[in-house]
Each structure stands twice: as structure tokens, then as C-alpha cells.
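Welcome! Here is a short briefing to read alongside the protein chain you are about to see. Take a moment to turn the view around before reading on.

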Amino acid sequence: MQFQQLQYFVAVAETRHFTRAAELVHVAQPSLSQQIKALERELGADLFLRARGNITLTDAGEALLPLARRILADTDTARHEVQELVQLRRGRVRLGATPSLCTGLLPDVLRAFHDRYPGIRLLIEEGGSHDLVRGLARGALDLALVVLPLPSPAPALTTVELLREDLVVVSSPESPAPGGNGREVGIGDLAGERLVMFRHGYDLRELTVAACRSAGFEPDFAVEGGEMDAVLGFVRAGLGVAVVPRMVATRAGHGLRVTPLARPGLHRTIALAHRSDVAPPRAARELQRMLLER
């Protein structure tokens, strides 16, 4: 029994006409008829009753039809799965992320992804959540790690919460500890500190400034306008203190004092986002799975 014979059999069963079935499967009608007869000989039973152009299924044909449809469907599924796997041997994933996540979260996950799928190119775009949402909307990104809540108005995006991260204060060990005791610092204590501040459009800038204003003071900037690496470098040099994610502070290593924020502290929620109206490519979905299972 051949796959092609089952395909021809189903086409005749559904059209109840040999000529139309042949057109449907793009084969000459005599060839289709010969294959149907060969299938009947192999099975030892007639599959169709042919009477003056009126084609009906025999009992044997009725029994075979659902089985043949299932075999054809399973074959299509197998072909699709193999093609999906082939796609993971080459291609690309366009991932957007905030600079702090590129420093803290992504290196380990991207290394694991690259080790498993070395043929997939990883294209990373750093930016604030506003910029990344725009990149998703115009189709320039497959996935993006963004800070919730999303900027408004935002396009139709599907988001999955990834992590909730504490923020901490970093300072130079050669400078006095913020808050005085070195064990923890309140937001209000930052009124007496000069801050090294990120550029406009940076999620951490907006979060820190809003927290200071809620505590009743306007933050004093020693330096402003930098990206994550620059901010950490300025803090190491003793120019001021900065509020950064704990994951970044932990990875930054030597040359920084890390002081937790006193309760209730500051936190940020990170989510993985993609457009709701477009399914991400297979490689992007695999990276998404690895991020969610990290």
C-alpha cells in the first residue's frame, strides 16, 4: 500500500468522481484509476461501486476512508515537524531587551541557546521598553523583554511575566555608605545623595525619579545620560550612587558596594512580549521556552 494510492482514494471518495479527483491531485485520470485498481487488488476488495458514472463507497471503502484520512493527516504532521526542526539549524532570532537585562539575564540563556542551536543567528537590540514596543509593532523584532506595565498606548501584544526583580543601591566602597549604616537604605535617604542617572527613556530612570518624588524630594543628579556600563563605571569612580537591578549589581562584581533598599523597596516586573497577531518563528519560540524555563 502506497501513500500516493491512499491520497488518490481519498480524493475519489470526497469528489465521487474520478476525473475531478485526478484534477484535484494533479495527475492524469488513467493513472489515478490504475492506482486505485492496484490498491483494490492489494486489499482484496473493491473500494468503489461504479455504475453509470455514479461513484459510491463499498463497505470496504467506508472502513478504509477514516483510516486513510488519519494516515494522510499524520504524514502532514510529520512533514511539518521535520521542517520545523530543519528551521532550527539555520535562521535568526531578533530579540529586544533593556540594557540591564542584556547585562544580567541574557548571557547565560543565550549561551545555552547558542550551544544547542549554533546555526541560529541571534540579533540583539538594546533599548528602553518604549523603543522595544515600537520595534515589535513595526515587525523589527520577534520577541522583546520589556518592563511592565507597558507604555500606553501600546499595540496588541501578548506578554508573559518572566521575573520580579529587586532594585538595589550601588556605590563606591571608597565613599561613605548611603543611609549611613551600610546595611540598607531608604528611598528618603537618597535625598542626601548625588545620583548617577540613566538617560531619558530608560525604564530605571523613570522608576527611580518617580520613587524619589513620591518620597517628597527631587533627585540631585551628579551625572546623567549614560547606559548601564557607563553608569556603573561612574559609580565605581565615586561620582555618585545609582539604583540598579540586583542581578546587574551581582554580576558587576568588584569595585561596587551593594546596599539593599529598605522595605517596601523598589521592584520591577520583566515580561516577554511578542505581537498577538503574528506567531513568532520556531526558533524564537524555542528561545522563548528557554527563557521561561531558565
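Predicted model: local features only at pLDDT ≥ 70, side-chain atom pairs only at ≥ 80, totals over all residues.

**A first look at the chain**

**Helix α1 and what follows**

- Helix α1 is made of 13 residues, and the distance from its first C-alpha to its last is 19 Å, close to the 18 Å expected at 1.5 Å a residue.
- Its buried residues are Q5, L6, Y8, F9, V10, A11, V12 and A13.
- R16 sits in the loop that links α1 (3–15) to α2 (18–24).
- The phi of R16, near 55°, is a positive value in a residue other than glycine.
- Is R16 buried, partly exposed or exposed? R16 counts as partly exposed because its relative accessibility is 35%, which falls between the 20% and 50% cut-offs.
- H26 also has a positive phi without being glycine, here near 60°.
- You can find H26 in the loop between α2 and α3 (29–43).
- H26 counts as exposed, because its relative accessibility is 74% and the cut-off for exposed is over 50%.

**Helix α8**

- Helix α8 covers residues 203–214, which makes twelve residues.
- From first C-alpha to last, α8 reaches 17 Å, close to the 16 Å expected at 1.5 Å a residue.
- The buried residues in α8 include D203, L204, R205, T208, V209, A211 and C212.
- After α8 comes G216, and its phi is positive too, near 95°.

**A buried residue in a strand**

- S171 belongs to strand β6.
- How accessible is S171? Its relative accessible area is 1%, so S171 is buried, the cut-off for buried being under 20%.
- Setting aside neighbours within four places in sequence, S171 has contacts with P178, V235, V241, G255, L256 and R257.
- L239 is 68 residues away from S171 in sequence, yet their C-alpha atoms are 8.9 Å apart in space.

**Two cis peptide bonds**

- L148 and P149 are joined by a cis peptide bond, with omega at about 0°.
- P149 is placed in the loop between β5 (143–148) and β6 (157–171).
- R263 and P264 are also joined by a cis peptide bond, and there omega is about 5°.
- P264 is in the loop that runs between β10 (257–260) and β11 (267–275).

**The whole chain**

- The protein chain holds eleven helices and eleven strands.
- Its C-alpha trace spans about 100 × 35 × 30 Å along the principal axes.
- What is the radius of gyration of the protein chain? The value is 31 Å, whereas a compact globule of 294 residues would have one near 19 Å.
- Buried residues make up 44% of the 294 in the chain.
- Counting contacts between residues at least 6 apart in sequence, 74% join residues at least 24 apart.
- The accessible surface is about 15,100 Å², and 50% of that belongs to carbon and sulfur atoms.
- The chain carries 35 positive and 34 negative charges, and the mean positions of the two groups are 4 Å apart.

Key
Residues numbered from 1 in each chain as written. Heavy atoms only, no water. Helix = DSSP H or I, 4+ residues; strand = E, 2+ residues; numbered from the N terminus. Rg over C-alpha atoms; globule rule 2.2 N^0.38 Å. Buried < 20%, exposed > 50% of the residue type's maximum accessible area, 1.4 Å probe, protein only. Contact = heavy atoms within 4.5 Å. Areas by Shrake-Rupley, 256 points an atom, 1.4 Å probe, with all protein chains shown as cover. Lys, Arg positive; Asp, Glu negative; His and termini not counted. Charge placed at Lys NZ, Arg CZ, Asp CG, Glu CD. Expected span 1.5 Å × (residues − 1).
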